[in-house]
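Let us walk through this structure one region at a time. Keep the sequence and the model side by side.

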Amino acid sequence: MSFIWPPMLLLVLAVPLGAVLYQLLERRRRRRIVRFGVLGVAASPEGPGRQGRPGRVRRRLPAALILAGLTILVVALARPQSVVGVPRVEGTVILSFDVSGSMAADDLKPTRMEAAKAAARDFVGRQPPSVRIGVVAFSDSGFSIQVPTNDQSLVLAAINRLVPERGTSIARGILSSVATIAAADADPTAGYYTNRSPEPTAEPTPVPKGTYAPAAIVLLTDGENNQLPDPLAAAQTAADRGIRIYTVGIGSAAGSTLEVEGFKVHSQLDESMLRQISNTTGGDYYAADNADALKAIYDTVDTRLVIRPEAMEVTSLFAGAGVLFLLVGGVASLIWLRRLP
């Protein structure tokens, strides 16, 4: 237990001083009763006889309760806080964007890139605050644009910054996403921006499926891969770490012809590759032009109930307990001693 205002605990020292002062005043009162009695006749400090005298416990218990109540109230002034485990349903989703040159194709209007961003923005807008979302971009290399965070405005800003670039290495996108999930799992409080993320080891130690659950990767790409390493090997790396990959096909089977650095290149959706990646990791494949199917991603992303330690102020509990002790002590004194202490 810790305290927000610890100097206030010094006031606890005043409680025993007050108790000593009360005892002195009580003894003085009793001596006066013995000396003068009722109507000038000497009497016992407890009354004219022993028959109505309360027992020792009844005489002392009310004062003890009131003393305890005052002590608790003084502790409440220091604003105590305790670390408690708060249960939450959490999930981590990495939106991994293909930003290769082929994403400038217009077989999905206005372009594949804009269609992918629109699908991602819709996905982000429907997530509860308990789901952390990160953004990874890949072309011929992969890098983290936004580490997993609960702040959806940061995620949307990262998505809006994406533009088509060079070649395509789907494996780099998967490996960067896996590294980002591992880093976020090691440090859940991280929320900074980074333009790169360390790649995982080439041969990670296989772990039971779901070790990183409820982490998942949503891979938005046209599936055309023209850079090493092998995407299926990277997918197996994710599977060995218990991470599912949900692939979202951006483009059409007919494809589109676009001009890249003076050359005309025909680009089309490679659904076969995307299905293999999702099947390897236990995920699913979705077509971006099917809005209803895309919304199903949210329903299939795993979540888990986790207990996260959080500092919680418990001043109200101490204040309530202190008042209760004072009330019980006061009532007991009125019933047993016919007076307040």
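Are α6 and α7 roughly parallel or roughly perpendicular to each other? This is a predicted model. Two packed helices are described by the angle between their axes and the distance between the axes. Take helix α6, residues 231-240, and helix α7, residues 271-281. Their axes come within 8 Å and cross at roughly 20 degrees. Angles under 35 degrees count as roughly parallel. So α6 and α7 are roughly parallel to each other. Their crossing is right-handed.

Now look at the contact itself. From α6 come Pro231, Leu232, Ala235, Gln236, Ala238 and Ala239. They meet Met273, Gln276, Ile277, Thr280 and Thr281 of α7. Seven of the residues in this contact are nonpolar and four are polar. None is charged.

Next, the strands. Strand β3 covers residues 131-138 and runs antiparallel to β4. Five bridges join the two. Phe138 stands opposite Gly142 in β4. How enclosed is strand β4 by the rest of the structure? Strand β4 spans residues 142-149, and seven of its eight residues are buried. Strand β4 is therefore largely enclosed by the rest of the structure.

Last, a loop. Helix α2 (56-77) and strand β2 (80-98) have a loop between them, and Arg79 lies in it. What is the phi of Arg79? The angle is near 55 degrees, a positive value in a residue other than glycine.

Notes
Residues numbered from 1 in each chain as written. Predicted model: local features only at pLDDT ≥ 70, side-chain atom pairs only at ≥ 80, totals over all residues. Heavy atoms only, no water. Helix = DSSP H or I, 4+ residues; strand = E, 2+ residues; numbered from the N terminus. Axes fitted to C-alpha atoms, helices over the stretch in contact; angles between N-to-C directions. Parallel < 35°, antiparallel > 145°, perpendicular 65-115°, else oblique. Left-handed = near helix turned anticlockwise from the far one by under 90°. Contact = heavy atoms within 4.5 Å. Nonpolar A, V, L, I, M, F, W, Y, C, P; charged D, E, K, R; others polar. Buried < 20%, exposed > 50% of the residue type's maximum accessible area, 1.4 Å probe, protein only. Pairing = 2+ DSSP bridges.
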